[in-house]
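Here is a short tour of the model shown below. Keep the 3D view open while you read.

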Amino acid sequence: MKILIINGPNLNMLGIREPGIYGAKNYKALVKFIKDSCREFGVKGTVFQSNSQGKIVTKIQKAYKKYDAIVINPAAYTHTSVAILDALKAVSIPAAEVHLSDVNQREEFRKFSYAGMACEAHFIGQGFEGYRQAIKYFVEKK
């Protein structure tokens, strides 16, 4: 099984950006955690991060017929990007949404997810573990 794991804007700033919300571990630690989780479940995982909406859309489009699933943390684009929603819908690859923090317990605008509309599973507020659970979800679904 091949899974594309996409991380959106500012996730590269983990450990620096609001550690009270996102934790003290950096992005390198997140990538290691994701890769370890992929190995645990026998998954070939590709991790991608961009602060650019266009690059995320292009990565989703290029996943067509190449990946079995997408795990996406669209970060701030969650609440603003119809383009990412449309890309996820266009490729019709099963997708799961992940958020490190519990977006439902934060500012009102964070409670709506465009990308989430194209996702069949959601792992919210579990920190790094949400990625592991999303990967596990697709492995068990297979």
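Let's start at Lys141, which is partly exposed with a relative accessible area of 46% (buried means under 20% relative accessible area, exposed over 50%, and partly exposed in between, with a 1.4 Å probe and protein chains only). A quick word on ground rules: this is a predicted model, where local features need pLDDT of at least 70 and side-chain atom pairs count only at pLDDT 80 or more, while totals for chains, interfaces and linings use all residues. Residues are numbered from 1 along each chain as its sequence is written, and side-chain values use heavy atoms, with hydrogens and water left out.

Lys141 makes a salt bridge with Glu120, with 2.7 Å between the closest N and O atoms (a salt bridge is a side-chain nitrogen of Lys or Arg within 4 Å of a carboxyl oxygen of Asp or Glu). That pair links distant parts of the chain, 21 residues apart: Lys141 belongs to helix 5, and Glu120 to the loop between strand 4 (95-99) and strand 5 (121-124). Helices (H or I, at least four residues) and strands (E, at least two) are DSSP runs, numbered from the N terminus. Glu120 is partly exposed too, with a relative accessible area of 38%.

## Other salt bridges

How many salt bridges does a search of the whole structure find? It finds 6. In one of them, the side chains of Glu40 and Arg132 meet at 2.7 Å, N to O. Glu40 lies in helix 2 (residues 27-40) and Arg132 in helix 5 (residues 129-141), so this pair ties together parts that are 92 residues apart in sequence. Glu40 counts as partly exposed, at 47% relative accessibility.

Glu140 and Lys136 have a salt bridge as well, at 3.9 Å, N to O. Both sit in helix 5, 4 residues apart, which is about one turn of the helix. Glu140 is exposed at 58% relative accessible area, while Lys136 is partly exposed at 26%. Then there's a network of salt bridges that links Lys32, Asp36 and Arg39.

## The chain as a whole

Zooming out, the chain has 5 helices and 5 strands. Read from the N terminus, the elements go β-α-α-β-α-β-α-β-β-α. The radius of gyration is 14 Å, close to the 14 Å that the globule rule gives for 142 residues, so the chain is as compact as a globular protein of that length (the radius is taken over C-alpha atoms, and the rule is 2.2 Å times the number of residues to the power 0.38).

Along the principal axes, the C-alpha atoms fill a box of roughly 40 × 35 × 25 Å. Of the 142 residues, 45% are buried.

## Around helix 3

Ser52 is in the loop between strand 2 (44-49) and helix 3, and is partly exposed at 28% relative accessible area. Its C-alpha atom is separated by 7.7 Å from that of Gly8, with the two residues 44 apart along the chain. Gly54 is in helix 3 (residues 53-62) and counts as partly exposed at 42% relative accessibility. Gly54 and Leu11 are 43 residues apart in sequence, and their C-alpha atoms are 16 Å apart in space.

Further along, Lys66 has its place in the loop between helix 3 and strand 3 (69-73).
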